[in-house]
Amino acid sequence: MADRLIIFDTTLRDGEQSPGASMRREEKIRIARQLERMKVDVIEAGFAASSNGDFDAIQAIALQIKDSVICSLARANERDIARAAEALKPAGQFRIHTFIATSALHMEKKLRMTPQQVHEQARLAVRFARRFTNDIEFSSEDGSRSDIDFLCRILEVVIAEGATTINIPDTVGYSVPDGYAALIRKIRERVPNSDKAMFSVHCHNDLGMAVANSLAAVKLGGARQIECTVNGLGERAGNTSLEEVVMAVKTRRDYFGLEMSIDTTQIVPTSKLVSQTTGFVVQPNKAVVGANAFAHASGIHQDGVLKARDTYEIMRAEDVGWSANKIVLGKLSGRSAFKQRLQELSVALDSEAEINNAFERFKELADRKAEIFDEDILSILSQEEHGVLDHETYRFISLSQHSETGKRPPAKVVFAIDGSETVGEAHGNGPVDATLHAIESRVNSGAELILYSVNAITTGTQAQGEVTVRLSKAGRIVNGVGTDLDIVAASAKAYIAALNKLRSNVERLNPQCS
Ligand code: KIV
Ligand code: ZN
C-alpha cells in the first residue's frame, strides 16, 4: 500500500485567528460538514478553552461529524485539556492537540519559564491528556526556531507519555524549504522513539513559503501530516493552503508517491464557502481556487488547450470542483427542488421554519434574477447568518440612493435598531460613501472602516455583488459580508452585518497570545 499523507485542516481554529474571520456556531458547523464532505482526515474545530462559544461550536461539530477525526487545541495545562476533552466527548473519533512554546525567545519572553519547566509542563500535559484519549498531538510552538537538542529531549518525553502525533510548527513563517525539511529529518533520526509517532508540519506564510516548506518536509523530512487551511486563511500572511498542497501531491504523484483521502472535487465549493463566510476574498490569480486559475486568456494558450488540453493544463478544472456556473434553479422551481439542492450542497437547515425562510428569500431573488446558481443559494443562507436575522441589533430594510455625474450623491437607508424602524440620510463622495454615512448618522458606532471590497459572486452583469466591510473598534476587528443585485444595497447590508458583529461582544482568547 502506498504511503498516506494525512490532511489536518485548521481553518476553524488557526484560520479563524485571523482578524475579522471569527465565525458563528452555525457557520462553523456548515464548514465542518463541507470539510467532512471533502474527506479531510482531521478537523481542528477550535480552541475549546477560549470561550463558551468556541466550546459549543466544537461540541456541536463533535456531535454531527462522523467521518473525520475532530480535534481541539489546548494549551499545555489541565484546565485547557479537560475543557477540550469535554467538548470533544460526543465525537466518534477525537484528538486533543496540546502545545507549548519551545524556542528560547518564546520561553523567556512570552512564557517566562525555564526550559526545564517547559519540559516538565509538556510531559505532564500529555500524561493528563492520556486520561481522555489515545489520540494526542503535541506541538512545539516556534519549533523551527527552537534549539534542536532541547526539542529532541522534549519530544522524546512526550512520545514516551503517549503523544501519537508530533507537530513542529514554523509559527512565524521563518523557515526555508531545505532547512525545514532537514530539521524534521534530523529530529526523526535523533529522537530514539520517533518511530512511535507520526510527524506533522504546520507552516505560516510570512515569506510566502508555507506550501513549499510543508511539501519539502514531507518529501525530504518524512513528515506524514500537513496542517493547512482552506484558501490559506490565517493570521498575518496565513497558513499553508490546503488546496495547493493537496493538488501538488495529487498532480505530482510521480514525485511524492503519496495517497490522500481528499475528494478534490469539493475543493472549490469549500473555498467559496469559506470565503463567503469569513469575508476573506480569494485573489483571482490564487493557485487552484482563484477565478483565473484555469482561465486561458492569451490566444496562444487557448489555441493550445483546444488542440490538446495538456499543452497548457496540468490539472482539470472539474477535478477541483470548478463547474461552468451551472444554473441550478429558477423562478418556477418549487420548495422541494430548493430543499433537494440544499441537501446536495450539504446545507442542513435545522427546522422547517428555517427552510421556509430561506425559500422565501430564494423566491424574492428569483423574481429579480432569472438564473439562480449554487453561489446565489449559499449567499442567501450566509446572509441569514451575517445579520439579516431577526434577533440582531441592526436589520437592513431598504435603501434609496441617487447618483448624477458631478453631484454629491444622497442616500437614505431604512433599517431597524432593536426592532424599531429608523431612517438615516446623508450625502457622500460616492453612493457607497453616502450609504455608510447614512447608517452612521443613526448609529454613531465610532468604528473605523479598514477595508471595503466588492466582488461578483458569479459571472455577468446579472450577478449579485458581494461586499466585504472590515471594521475596527477598541482593538477588535470584524468582517461583515452582504450580497445583493445592487452593490450599494450589498454595501449597506455588509456594513450592518459588521456593526452587528461588533455589538455581539464575543470575548475569546487567542491561544498563542496568552
Ligand atoms: O503556529 C503555531 O505554532 C500554532 C500552534 C498552536 C500549533 O498554531
Ligand atoms: Zn499556527
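**Helices, ligand sites and backbone angles in a predicted model**

The buried residues of helix 9 pack against strand 2, helix 8, strand 9 (225–228), helix 10 (253–256), strand 10 (258–259) and helix 11 (267–278). Here contact means heavy atoms within 4.5 Å, and helices (H or I, at least four residues) and strands (E, at least two) are DSSP runs, numbered from the N terminus. The structure is a predicted model, in which local features need pLDDT of at least 70 and side-chain atom pairs count only at pLDDT 80 or more, while totals for chains, interfaces and linings use all residues. Residues are numbered from 1 along each chain as its sequence is written, chains are lettered from A and ligands numbered from 1 in the order in which they are written, and side-chain values use heavy atoms, with hydrogens and water left out.

Helix 9 covers residues 242–251, and seven of these 10 residues are buried, so the helix is largely enclosed by the rest of the structure. Buried means under 20% relative accessible area, exposed means over 50%, and partly exposed lies in between (1.4 Å probe, protein chains only). The buried residues of helix 9 are Leu-242, Glu-243, Val-245, Val-246, Met-247, Ala-248 and Val-249.

Helix 7 (residues 177–190) has 14 residues, which should span 20 Å at 1.5 Å a residue; its end C-alpha atoms are 20 Å apart, in agreement with this. The expected span is 1.5 Å times one less than the number of residues. Tyr-180, Ala-181, Ala-182, Leu-183, Ile-184 and Ile-187 are buried in helix 7. The partners of these buried residues are helix 6 (148–161), strand 7 (165–170), strand 8 (198–203) and helix 8 (210–219).

In helix 1 lies Arg-33, which is buried, with a relative accessible area of 18%. Between Arg-33 and Gln-64 there are 31 residues of separation in sequence and 8.1 Å in space, C-alpha to C-alpha.

Distant parts of the chain are linked by the pair Asp-14, in the loop between strand 2 (6–9) and helix 1 (25–37), and His-202, in strand 8, which are 188 residues apart. Asp-14 counts as buried at 0% relative accessibility, and His-202 is buried at 5%.

Around ligand 1 (a heavy atom within 4 Å) are Arg-13, Asp-14, His-97, Phe-99, Ser-139, Glu-141, Pro-169, Thr-171, His-202, His-204 and Gln-512. Polar side-chain atoms lie 2.6 Å from an oxygen atom of ligand 1 in Thr-171 and 3.1 Å from one in His-202. For His-204, a side-chain N or O atom is 3.0 Å from an oxygen atom of the ligand. Taken alone, ligand 1 exposes 260 Å², of which the protein buries 100%; accessible areas come from the Shrake-Rupley method with a 1.4 Å probe, and for residues only the protein chains shown count as cover.

Most residues other than glycine have a negative phi. Arg-236, which is not a glycine, has a positive phi of about 50° and lies in the loop between strand 9 and helix 9. Asn-444 has a positive phi near 45°. Asn-444 is placed in the loop between helix 16 (431–443) and strand 16 (448–456), and is exposed, with a relative accessible area of 63%.

How values were computed. A polar contact is a pair of N or O atoms within 3.5 Å; within protein, one must be able to donate a hydrogen and the other to accept it, and residues adjacent in sequence count only if both atoms are side-chain atoms.
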